Each structure stands twice: as structure tokens, then as C-alpha cells.
Amino acid sequence: MTQQTAPIAHDGHQPFEARHRDDIDWETIRWPGETGKMLFHPRPERPTEPNAGILQLEPGAHHPLHKHDFAQIWYILEGEFRIGGGTYGPGTMIFHPDPHFEDEFKTETGGEILIVQYPGPTTGGRPIYDKRFNMADRKPIAAERTDL
């Protein structure tokens, strides 16, 4: 499918934008076993655009406890995920307010998660795309910042 944009703006209101996941290449994400297709993401000319797309997780994918100032929502499409003390599967929606911490996360099954990260309504913290969702090479976890 090809990316399409709706008609021009009306009275200063902007139209919707549509992108199809098959038109975007998988990119390396900072955590082991994770790749993603961020169909929308912040950039200098559109700093409040959310990180929004699909995470694909291999069996064994994981990340440590870390913090963010932005808000986000996850919707589990496939697989089973151990997050903190619970196990969550398809159909589960997870809301992270701002500021928040993401608990330890791992999966033995692998799977896919729809993710939307957006500027924190109370903190003003913005999601980060560059060098998080589009890495040429993944760094060791110990080299990643977990305080933002």
C-alpha cells in the first residue's frame, strides 16, 4: 500500500495522514531482540508528532527498568509478555502516564506490540525517535541511559 494524505487543511485544521506498515522498513531498537516500524515519529519540523508504530519482539527480547517523562500506550497484538510481576497477552492495553517508569520486561514467545508515545501532558516531556528507534548498531544495555 502507498502512503496517502487526506485533502488540504480546512480553516486551519490539518487533515489526517495514513501510512501502511508494509511501506516502512524494520529498524533496530535500542533493547535486545526488538525491531520496530515507527509509522510516525518526531522530527525537527514536527516535534510534537508521536512515536507511533509496531514493535516486533523476538523470543527472549527484554529491557531493564527505566524511566520516561512522556506518556505512552501499548496494545499487545501477539505474544506473551512478563512486565513487572504480571503476564500480559493479546488484547491487553497498557497505559504509562507521565512521568512513568517501565518495569522490567521480557518475552519467551516473542510477539508484536502497537506503541504510541506522545508528549507528556503534565511534564511536557517528548518521546525520542532518533538513536532509539533507528539505530545502526545496538549498544550494550549497560551503555543505554535508563533515566529518561
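Is D130 buried, exposed or partly exposed? I started my look at this predicted model with that one. D130 comes out as partly exposed, at a relative accessible area of 46%.

Next I checked what D130 pairs with. K131 forms a salt bridge with D130, and their closest N and O atoms sit 3.6 Å apart. I looked up K131 as well: its relative accessible area is 60%, so I put it down as exposed, the cut-off being over 50%.

Then I went through the shared partners.

E17 makes a salt bridge with R19, with 3.3 Å between the closest N and O atoms. R19 has 19% relative accessibility, and buried means under 20%, so I filed R19 as buried. E17 has 26% relative accessibility, so E17 goes down as partly exposed.

On to R43 and E49. This pair also forms a salt bridge, and here the closest N and O atoms are 2.9 Å apart. I get a relative accessible area of 6% for E49, which makes E49 buried. For R43 I get 24%, which makes R43 partly exposed.

Terms used
Residues numbered from 1 in each chain as written. Predicted model: local features only at pLDDT ≥ 70, side-chain atom pairs only at ≥ 80, totals over all residues. Heavy atoms only, no water. Salt bridge = Lys/Arg side-chain N within 4 Å of Asp/Glu carboxyl O. Buried < 20%, exposed > 50% of the residue type's maximum accessible area, 1.4 Å probe, protein only.
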